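Dear colleague,

Please find below the structure I am handing over to you, with its sequence. My notes on its cavities and on one helix pair follow.

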Amino acid sequence: MTIQSSPGSSSYLPGSSGYLDMFPERRMSYFSNSYVIGLTVAAGIGGLLFGYDTGVISGALLYIKDEFEVVNQSSFLQETIVSMALVGAIIGAAAGGWINDAYGRKKATLLADVVFAAGSVVMAAAPDPYVLILGRLFVGLGVGIASVTAPVYIAEASPSEVRGGLVSTNVLMITGGQFLSYLVNLAFTEVPGTWRWMLGVSGVPAVVQFCIMLCLPESPRWLFMKNDKAKAIAILSKIYDIARLEDEIENLSVAEEEERQKRNDVKISDVFKSKEIRLAFLAGAGLQAFQQFTGINTVMYYSPTIVQMAGFRSNQLALLLSLIVAAMNAAGTVLGIYLIDHFGRKKLALSSLTGVIASLVVLAGAFFGKSSGSSNELFGWIAVLGLALYIAFFSPGMGPVPWTVNSEIYPEQYRGICGGMSATVNWVSNLIVAETFLSVADAVGTGWTFVILACIAVLAFVFVIVYVPETVGLTFVEVEQIWKERAWGSGYNTESLLERGNDN
């Protein structure tokens, strides 16, 4: 197949704002290509696994404590049951980057499904808390691999002008999985073996994704870089019309030539030797860390427990109120899918953090008021309001932005390993928060715990201003140029993409 550039397109990279201004008829919308939507939804089932596990354990824990007295008497065991999945996710994410680069996005997804399904069976059959913890480890391994793979698979199959929204669909699947988990929790509250059903049905989405992925292709960018160009072009031809297809292939050919001039095998140490990659990883990993340290999975893992702390003692009522919180999380993510490609990644993150800080202050005030012993019911409802406000501000911004940014800021050669490393940072941060929240709350009080989270959110706001550029609408090559300019100065190239990234 002979590739010929479209007339006048050589000045712009395919998918860049200048290119699409010159050829507006080649611009794609979210729903203009059903094939891309199908790939996105199928890959996003990995996000559903992630979200379901995050949400289901919060409700199941209420009933695990009822069945196992040793768990009911130990905050450490409760935290370990929750956080052992995070230990697995850390290992899975760390290995997932290498698996993605070596074997491809498709095989990584299939492996994640097998491990997750096996873990769900072990959890459902667990005769004691310790086997349950082992099952949580297996589930975490699957979630960790999926958390690296799904955003990259979606990003590499997405046109740049809708890449943010499509990658955010994976986050919608995460929040949708959390909402589904609360529905399942409520459905099984009166069924014998309550928590076993809650945890066991989590294997169903993994089996469904496994079957679907067997019929879907590998990432076209991965195939192209692995010199399987015929398959890559066949897949790309289902995404782009012929005129833009030619330019996209030319762009991939240029990127491939650049990769050939670099070392083939990238090691973790290489990430820190290159100044521009180091800067990109700082921004990506920092966003992932702050996503967790501002408290999102404290809210999602322990929302029923927080509701009970606020004075609502019924398990069913706690789960119902948590279901409402999960519904708001999913609804906010839908809003984020629109805003992330229209409002921009950086502005969306800053707006989100502003609301997160305010809502954490409300939560802290509610628990301070409750501890004073006055009007407990009023402060209980204020705590629930604070939870709802937190989700309303977090879910459109700091929910999707870290995953979207990490799927697009690294060069092809580093995308798997850096994506895995930054996801590992996310899971390590998640583990720290999950393993310490109840203990910190016991030690200093729930109110002061939320004050600490609010202070961290302020630091996150400053971090985004200083280290995170705007990447909305840019191609992978243009984003790479931003880091080269940050590392070596704006004189690196005649067009200052860095200036564009900061001003947007």
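What volume does the second largest cavity have? The figure is about 160 Å³. This is a predicted model, in which local features need pLDDT of at least 70 and side-chain atom pairs count only at pLDDT 80 or more, while totals for chains, interfaces and linings use all residues. Residues are numbered from 1 along each chain as its sequence is written, and side-chain values use heavy atoms, with hydrogens and water left out.

A cavity here is a set of points on a 1 Å grid over the protein atoms alone where a 1.4 Å probe fits but cannot get out, and lining residues have an atom within 4 Å of a point. Grid points are joined across faces, edges and corners, and a volume is the space filled by probe spheres set on the points. The count comes to 6 cavities of 30 Å³ or more.

The second largest cavity has 16 lining residues, with I174, Q178, Q291, I296 and F394 nearest its centre. Two or more of the lining residues come from each of α2 (34–67), α7 (163–187), α14 (275–293), α15 (296–309) and α16 (315–342) (helices being DSSP runs of H or I, at least four residues, numbered from the N terminus). The largest share, 4 residues, belongs to α7.

Helix α14 also packs against α19 (residues 401–408), at an angle of about 160° and with the axes 9 Å apart. The two helices are therefore roughly antiparallel (angles over 145 degrees, taken between N-to-C directions of lines fitted to C-alpha atoms over the stretch in contact).

Kind regards

Technical notes
1 Å grid on protein atoms, 1.4 Å probe; cavity = no way out; pocket = protein on both sides within 12 Å on 5 of 7 lines; lining within 4 Å. Axes fitted to C-alpha atoms, helices over the stretch in contact; angles between N-to-C directions. Parallel < 35°, antiparallel > 145°, perpendicular 65-115°, else oblique.
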